[in-house]
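Reader: I'd like a close look at one part of this model, taken slowly. Could you pick a helix and walk me through it, then show me what else is worth a glance?

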Amino acid sequence: MEGSRVHPTDPTREPEARLSASLPWMNGQGPSPAPGGTRPPSGGGPAEGIFGPSDLIHADKVASAEKTSTYDSPSEGIAERLERYSPARKRAAGMRDYLAELAALGHLLPAHLGNRADVEYRAGKLERCGCWLLLRDYFTLGQTRLVDGRFCNQPLLCPLCAIRRGSKLLRAYVEKLATVLYECQGRYGAFLITLTVRDGVDLGERFKHLRRSLWVLNERRRKFQNRQSKQWTEAARALAGVGFLEFKRGRGSGQWHPHYHGGWVCSEAPDAAALSREWLAITGDSFIVDVRPFRSMGQLGGCPTAEWPQLLASDFVELAKYALKFSDLSLADNWEAFRLLSGRRLVDAFGWLRGVEVDPSLTDEPVEDGDAPYFEILARHLAGSYVQSSRRLVMPEDERAAAVELDAGQAAAVAAAEVSFFR
Ligand SMILES: [Zn+2]
């Protein structure tokens, strides 16, 4: 049977070496879409319609995604950004209060909820997270940047840090995915793959079960593609993929309901019915899978443009929306999930999407035009919302000219004054 299957090209071959100098999203500008350019997905074409019995999984996700945006866009205005950050800060304050209540239990605090010192430490970090943010409005470029701020770096506990971490993750993977799709020259398309395991009361046990099942599926793919096994798997249609784990309560059962949401680059759409049978054989408790093409597949022209990452991002938001966002859980569930899953790998990739480096800082990358003027805005969180407490116009060219006229002592004094102002 495997003879009729197409072995993907060698996944160890890196495409960037040839492409990095020419891809438009690497330098921020590129050619217009070629008229009549070919559509990238082929090899059977992106599947139309819905597979599997889990339509509600995606219907629910799309509806939620439209309600709230959990990712930052560089073209979003300062006021709009701060408006989104305010409810994130409010949720963090709710979590801080919940942890303060736990800490107040003292020696009565149940051991499975942590020790008092750790609870107080986490609450203290949440208290200070996002209390000030420094942003830049590049009004001539129509772009904004978050360049500094106080962050707690607890994305599974803090929605503001989740937004920032998710935005960095999104940017890194979307750029790589655009590169991989371009390299595939229309022979592969991107698909959203959802896999679930049965609901259960023990989050830790369900997490291990899901991870173990995914490992088995991935091993089958790897061995078939490396010709170490003749056992066919639907996952072997994938050249590359990235997956995110999501945890929430099942609507019917009220128990923990873990999911895997993957973005796979495939030669053709995986057969949902076959994947369902395979997944049931692996998990022993769930046949629920969902396979559908990225909606952006029909919009990408044959020639890569600066719009490709933006188009792919809309699908990626759907894919990864909940990967680092636990704020839809109750506070108690959020704390339990944080304690069990913090430090665990919730994002995993294979093939050409392996090894994507995500910038660990929570601030934005600088703009490409370093000489563009901007307004620098200090935002402070006061009485439940962000206020723009100071605003100054900065002309980088003028500042550089002025700087060379300062001697070393004067420059150090200016730097020290700036640090004390913002900290
Ligand atoms: Zn935070």
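Author: Start with the buried residues of α4: Ile78, Leu82, Tyr85, Ala88, Arg89, Arg91, Ala92, Met95, Arg96, Leu99 and Leu102. Bear in mind that this is a predicted model. An α-helix has 3.6 residues a turn, so residues three or four places apart point the same way. You can follow that kind of spacing along the list, say from Ile78 to Leu82 and on to Tyr85, each of them buried. Arginines turn up there too, with Arg89, Arg91 and Arg96 among the buried residues.

How does the length of α4 check out? The helix covers residues 78-104, and at 1.5 Å a residue its 27 residues should span 39 Å; the end C-alpha atoms sit 38 Å apart, so the two figures agree. Just past α4 comes Gly106, with a positive phi of about 60°.

Another positive phi, near 50°, belongs to Ala383, in the hairpin of β8 and β9, where two residues lie between the strands.

One last stop is a loop: Leu156 lies between β2 and α6. Phe326 is 170 residues away from Leu156 in sequence, yet their C-alpha atoms are 5.9 Å apart in space.

Methods:
Residues numbered from 1 in each chain as written. Predicted model: local features only at pLDDT ≥ 70, side-chain atom pairs only at ≥ 80, totals over all residues. Helix = DSSP H or I, 4+ residues; strand = E, 2+ residues; numbered from the N terminus. Expected span 1.5 Å × (residues − 1). Buried ≥ 20, exposed ≤ 12 C-beta atoms within 10 Å, placed from the backbone. Pairing = 2+ DSSP bridges.
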